[in-house]
Amino acid sequence: MNTADLGLPVDVPSTALFTDQYELTMLEAALKAGTADRRSVFEVFTRRLPEGRRYGVVAGTGRVLDAVENFRFDSGVLGFLRDRAIVDEATLQWLADYRFNGDIWGYPEGEVYFPGSPIMRVEGTFAECVLLETVILSILNHDSAVAAAASRMAVAAGGRRLVEMGARRTHELAAVAAARAAYVGGFSSTSDLAAGFRYGIPTVGTSAHAFTLLHDSERDAFRAQVATLGRGTTLLVDTYDVAEAVRTAVDVAGTQLGAVRIDSGDLLLMAHRVRQQLDELGATRTRIVVTSDLDEYAIASLAAAPVDAYGVGTQLVTGSGHPTCSMVYKLVARAQSTDPKAPLVPVAKKARGGKTSIGGRKWAARRVDEDGVAEAEVLGTGPVPAKLSGRQLVVELMKGGEVVAREPLDAARDRHIAARAGLPMSAIQLSRGEPVIPTEYV
């Protein structure tokens, strides 16, 4: 699937107000102080992974590029800012002409990351970069959290299909972003039609318990569904008695029945019973799909069960207990004057309590052992060691305000599979632990 070739809609409404007020008040003060045009470098990183996680997953990069392109202050937005007296008239005039003309570098979407990794670097004037902080963090924190959960679930599923079906468990717009992130992390399809329309993700769906309850009998419901969707459909078999429903399903659809879905009860036990029953009825190719509040641990517990696919909702779209990645957007270098040729000097917050940061524009490379397995995430601000020059992770995403790295969503999905495969085996363990490789600074 190449979404770039499908002619799908990529425009979004203005993202200018997807921001915190202090971004604008900082802008106004910097304009008055004469420092707004100093060249600046901001970096997105996280100081730690969510508790127990072994690696993070970069997701939302493509959405960030769309958001930056659409960061515009139209007359309605400017009128709102003027009516609320949020900034002065001079600042409003500056915002009216706002276009991000800087550069963005970062880890490509689907790559894995670790504490300190410069996941995204935004370069330009202080004024044009500072405004993007909130929207960039909003996207990356949410999407990366969902993608990390999806990745863990994909590992637990062991190659079996995963269906994202969490639209009813989160905000309607967050649901679309979550479906996209889940696809990057390893899910194969979504129930959310908006995600299919927006990003070209394969969509699936058949019926709920309400459809069965609507009809006078389960047989009538199955007949109606098969007549409409064909014998390859998936019939929901746990509205009443599962064993009776499976018999009826095969009787109605024949041994060519596509699948049955189990949405309640002891899924491990039920899957084994249903598989045996289907085989005895001759429906040996009929697949079994399970749903019902699954997370990576529940999926892993079903590894020995004859399950062909999993449908996951709540735990996926909420990051399976970690709905954010705690990413931050920090100024790490800035010029000493507004002269475009003025050299950049490193800057960093110094604070107690684990909130310190390291100044300077950073490069990142992943060192591997003799078998090609990652052994460290190496970061630095000086020259890149020759032995790491071919292992650099940061790529150019936007140059002079123009996107240079837009790619099909499948490219990010494939990249994640490759990146995860390059980590030590312990990365795929679901037990709690430290990051699977250390971060080293040189």
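Author: In this predicted model, the largest cavity is lined by Pro50, Arg53, Tyr55, Gly56, Tyr113, Ala145, Ala148 and Cys325. By class, that lining holds six nonpolar residues, one polar and one charged. The volume of the largest cavity is about 40 Å³, and the count of cavities of 30 Å³ or more comes to one.

The open space is described in the same terms. The largest pocket has a volume of about 870 Å³, and of the 33 residues that line it, Met165, Ser191, Arg261, Thr291 and Gly311 are the closest to its centre. At least two lining residues each are supplied by strand 6 (161-164), strand 8 (234-236), strand 9 (259-262), strand 10 (287-290), strand 11 (309-312) and helix 14 (314-317), with strand 11 giving the largest share, three residues. The lining of the largest pocket divides into eleven nonpolar, 15 polar and seven charged residues.

As for the helix packing, the axes of helix 2 (residues 61-69) and helix 6 (residues 133-157) come within 9 Å and cross at roughly 160°. Because angles over 145 degrees count as roughly antiparallel, helix 2 and helix 6 are therefore roughly antiparallel to each other. Helix 2 passes helix 6 in a right-handed crossing, and the contact is made by Thr61, Arg63, Val64 and Ala67 of helix 2 together with Val135, Ile136, Ile139, Leu140 and Asp143 of helix 6. In this contact, six residues are nonpolar, one is polar and two are charged.

Note on methods: Residues numbered from 1 in each chain as written. Predicted model: local features only at pLDDT ≥ 70, side-chain atom pairs only at ≥ 80, totals over all residues. Heavy atoms only, no water. Axes fitted to C-alpha atoms, helices over the stretch in contact; angles between N-to-C directions. Helix = DSSP H or I, 4+ residues; strand = E, 2+ residues; numbered from the N terminus. Parallel < 35°, antiparallel > 145°, perpendicular 65-115°, else oblique. Left-handed = near helix turned anticlockwise from the far one by under 90°. Contact = heavy atoms within 4.5 Å. Nonpolar A, V, L, I, M, F, W, Y, C, P; charged D, E, K, R; others polar. 1 Å grid on protein atoms, 1.4 Å probe; cavity = no way out; pocket = protein on both sides within 12 Å on 5 of 7 lines; lining within 4 Å. Points joined across faces, edges and corners; volume = space filled by probe spheres on them.
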